Amino acid sequence: NVGLDHDWGLDHGAWTVVRRMYPDASIPVLQLSIDYSKGAEYHYNLAKELATLRKKGVLIIGSGGREHALAWKVAQDKRVETVFVAPGNAGTAFEPKCQNVAIDVLAIEQLADFAEKNVQLTIVGPEAPLVAGLVNDLNASGFKAFGPSKFAAQLEGSKGFTKDLLAKYNIPTGAYGRFKDAASAKAFVAKKGAPIVVKADG
């Protein structure tokens with residue numbers, strides 16, 4: 001719904017670009033003037049901006065109950081046309097305004113491409129794409145994404161990172177040890193005694 005009105009009567013030779021997204025009078029009309037003295041990069045960025053203005057979708061990445069709850073709530077916002085859930089689940093498939101998208105949570109390039117073409121905001125739920133840096137990648141490409149950065153996601157993605165952080169800043173936590181070989185781990189267990197919890201980092 002983007003119309004281009006070639007107004008050659010203007011001395012500066014501009015186009016007036018008018019967007020009317022809805023007949024609702026409360027939604028403003030956007031007018032932009034393109035200065036032909038500016039280079040191709042300027043026009044490319046303007047075209048990209050106009051494309052995003054037509055999007056009223058939100059992408060939620062994940063397939064669990066958490067993502068179902070997020071999709072259900074986001075869909076209640078009247079400003080949102082469609083909530084895409086990648087990959088979603090049987091529940092999100094039946095939620096009003098929600099649409100499942102068959103993209104794996106770790107298919108980073110596919111998710112970024114879909115976000116660029118279809119939505120204004122991406123919400124990342126699962127640990128794996130957060131640890132992989134999806135939010136960083138989207139933000140670096142100029143797209144809005146909600147979720148912790150790759151560095152911050154280590155709090156959930158690495159038990160060792162979290163325990164080290166807690167110990168460094170004297171935040172109360174249980175005694176622990178980190179090991180890369182079985183002998184050292186067994187010695188720690190023998191010293192501490194049972195009961196004890198053994199976990200892989202991650």
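Predicted model: local features only at pLDDT ≥ 70, side-chain atom pairs only at ≥ 80, totals over all residues.

Trainee: What makes β4 and β7 a pair?

Mentor: Same test. Four bridges link β4 to β7 (residues 121–124), again in the parallel sense. I60 has I123 as its bridge partner in β7.

Trainee: Why is β4 called largely enclosed?

Mentor: Buried means under 20% relative accessible area. Six of the six residues in β4 (residues 57–62) are buried, so the rest of the structure largely encloses the strand. In a regular strand, side chains alternate between the two faces of the sheet. Here G57, L59 and I61 are buried on one side, and V58, I60 and G62 are buried on the other, so both faces are covered.

Trainee: What do β4, α2 and β5 make together?

Mentor: A right-handed β-α-β unit, with helix α2 (residues 65–74) as its helix.

Trainee: How do you know which side of α2 faces inward?

Mentor: E67, A71 and V74 are buried in α2. They span an arc of only 70° around the axis, which puts them on the same side of the helix. The face turned away from that buried side carries the exposed residues G65, R66 and K73. As for what the buried residues pack against, that is β4, β5, β6 (98–100) and β7.

Trainee: E67 is a glutamate. Why is E67 counted as buried?

Mentor: Its relative accessibility is 3%, and the cut-off is under 20%, so E67 counts as buried. Leaving aside neighbours within four places in sequence, E67 is in contact with I60, I61, G62, G125 and P126.

Trainee: What makes the approach of E67 to R66 a polar contact?

Mentor: The limit for the N or O atoms is 3.5 Å, and residues adjacent in sequence count only if both atoms are side-chain atoms. The contact here is side chain to side chain at 2.9 Å, so it qualifies.

Trainee: On to the rings. How many aromatic pairs are there in the whole structure?

Mentor: A search finds three. One of them is F84 with F114, at 5.1 Å centre to centre and 80° between the planes.

Trainee: What makes the pair of F151 and F161 edge-to-face?

Mentor: Their centres are 5.6 Å apart and their planes stand at 85°, so this pair is edge-to-face as well. F151 sits in the loop between β8 (144–146) and α6, while F161 is in helix α7. F151 has 60% relative accessibility and counts as exposed, since the cut-off is over 50%.

Trainee: How do you know that the buried residues of α7 line one face?

Mentor: The buried residues of α7 (residues 159–168) are G160, T162 and L166. Down the axis they fall within an arc of 165°, so they line one face of the helix. What covers them includes α6 (154–157).

Trainee: What stands out about the backbone at N170 and K97?

Mentor: N170 has a positive phi of about 55° although it is not a glycine, and K97 has one of about 70°, also without being a glycine. N170 lies in the loop between α7 and α8, and K97 in the loop between β5 and β6. At 69% N170 counts as exposed, whereas K97, at 34%, counts as partly exposed.

Trainee: Which peptide bonds are cis?

Mentor: Among them are A86 to P87, with omega near 0°, and A194 to P195, with omega near -5°. P87 is in strand β5, and P195 lies in the segment after α8 (182–192).

Conventions:
Residues numbered from 1 in each chain as written. Heavy atoms only, no water. Buried < 20%, exposed > 50% of the residue type's maximum accessible area, 1.4 Å probe, protein only. Helix = DSSP H or I, 4+ residues; strand = E, 2+ residues; numbered from the N terminus. Right-handed = clockwise from strand over helix to strand, strands pointing away. Pairing = 2+ DSSP bridges. Arc of directions from axis to C-beta. Contact = heavy atoms within 4.5 Å. Polar contact = N/O pair within 3.5 Å; in protein donor to acceptor, adjacent residues only side chain to side chain. Phe/Tyr/Trp six-rings, centres within 6.5 Å; stacked < 30°, edge-to-face > 60°.
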